[in-house]
Amino acid sequence: MTGFGRGEATIGAKRLIVEIRTLNSKQLDLNLRMPAIYRALEGEIRSLLQQRLQRGKADVFVTVESQQVESPAHVNSKLFAEYVSQIANALNAADMEISYDSIAQMAMRMPEVISTEVERLSDEEGAAVKEAVRTACDALDAFREQEGKILIADLLQRIDLIEGYKEEVIPFEEQRVATIRTRILDHIQKLGVEVDSSRLEQELIFYIEKLDITEEKVRLKNHCNYFREVAASEEGVGRKLGFIAQELGREINTMGSKANETNIQILVVKMKDELEKIKEQVLNIL
């Protein structure tokens, strides 16, 4: 979800610039900053951004660059001259001496001498702003798509590593059964007690079956295949891949709890390490 997009549009002497910066977030957190004149467009622009961005913490900046000096201020020359005349007459009548610079300053502070015209947004300029927003979104999508391909390739590589570690478990799993059986029989022999061999065999089978991880390995393989399928064939897969990663974690954790063997535990730790990296990277994908 991390990305940057920039869009521009020109109308008259104005150049409109829209910049979008996004970071990871589970929901859409939109921060929109624009000149006051464009506030009437805020609802439309937010709706457009929500449709295009979907998720992430997004900062959107709309700025205007003008090639000519513009001022909304307007001086009422006739009213100013009238104030100057009246102030000068009043001072003369009071037999007070004062410079015309001071009189001019006093007149400029009088009501309605300086007025501010409210700038109005034309339909053409409003359309140009929205077009610049769309262009910025297109650039952001291109950035995200390129970044997404790199992330997906990294995720699939880590899925391959997890499956590779799963295959490395097999020889240790076969040795483990014989080791557990020998260890239990040795402990019984050291205790020096008589046991029913048939009952002992049944208990051994029951105990070893509880430590069997065949089912977990099968489910882990299926989840890995489904992860690849979703990553290759769908759009907006971030949340779905996150859910699959959670299922992968359950199977790996169960394998670890049933392992009862040092080498298998080491491989489980390696699988968990790759899975944590997958979970971190999945947050970057829509």
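The paragraphs that follow treat the helix pairs and then the pockets.

This is a predicted model, in which local features need pLDDT of at least 70 and side-chain atom pairs count only at pLDDT 80 or more, while totals for chains, interfaces and linings use all residues. Residues are numbered from 1 along each chain as its sequence is written, and side-chain values use heavy atoms, with hydrogens and water left out.

Two packed helices are described by the angle between their axes and the distance between the axes. Helix α2 (residues 77-93) and helix α3 (residues 100-108) pack at an angle of about 125°, and their axes are 9 Å apart. That angle makes α2 oblique to α3. Helices here are DSSP runs (H or I, at least four residues), numbered from the N terminus. The axes are lines fitted to C-alpha atoms over the stretch in contact, and the angles run from 0 to 180 degrees between N-to-C directions. Angles under 35 degrees count as roughly parallel, over 145 as roughly antiparallel, 65 to 115 as roughly perpendicular, and the rest as oblique. The crossing of α2 with α3 is right-handed; a crossing has this hand if the near helix is turned clockwise from the far one by less than a right angle, and is left-handed if anticlockwise. On the α2 side the contact (heavy atoms within 4.5 Å) is made by F80, Y83, V84, I87, A88 and L91, and on the α3 side by Y100, I103, A104, M106, A107 and M108. By class, this contact has 12 nonpolar, no polar and no charged residues. Ala, Val, Leu, Ile, Met, Phe, Trp, Tyr, Cys and Pro count as nonpolar, Asp, Glu, Lys and Arg as charged, and the others, Gly among them, as polar.

Helices α4 and α6 pack at an angle of about 165°, with axes 11 Å apart. This makes α4 roughly antiparallel to α6, and their crossing is left-handed. Residues of α4 including I152, L155, D160, E163 and K166 meet residues of α6 including K217, L220, K221 and R228. The contact of α4 with α6 has 10 nonpolar, 2 polar and 7 charged residues.

The axes of α7 and α8 come within 10 Å and cross at roughly 165°. The two helices are therefore roughly antiparallel to each other, and α7 passes α8 in a left-handed crossing. Among the contact residues are G238, G242, G249 and G256 of α7, and V268, M271 and L275 of α8. The contact of α7 with α8 divides into 12 nonpolar, 6 polar and 2 charged residues.

What is the volume of the largest pocket? The volume is about 660 Å³. A pocket is an open set of points on a 1 Å grid over the protein atoms alone where a 1.4 Å probe fits, with protein on both sides within 12 Å along at least five of seven lines; lining residues have an atom within 4 Å of a point. Grid points are joined across faces, edges and corners, and a volume is the space filled by probe spheres set on the points. The largest pocket is lined by 21 residues, of which R144, E145, G148, I285 and L286 lie nearest its centre. The elements that give two or more residues to this lining are α4 (123-191) and α6 (214-233), and α4 gives the most, with 8 residues.

The second largest pocket has a volume of about 250 Å³. Its lining includes K26, R55, G238, R239 and K279, and the largest share, 6 residues, comes from α7.
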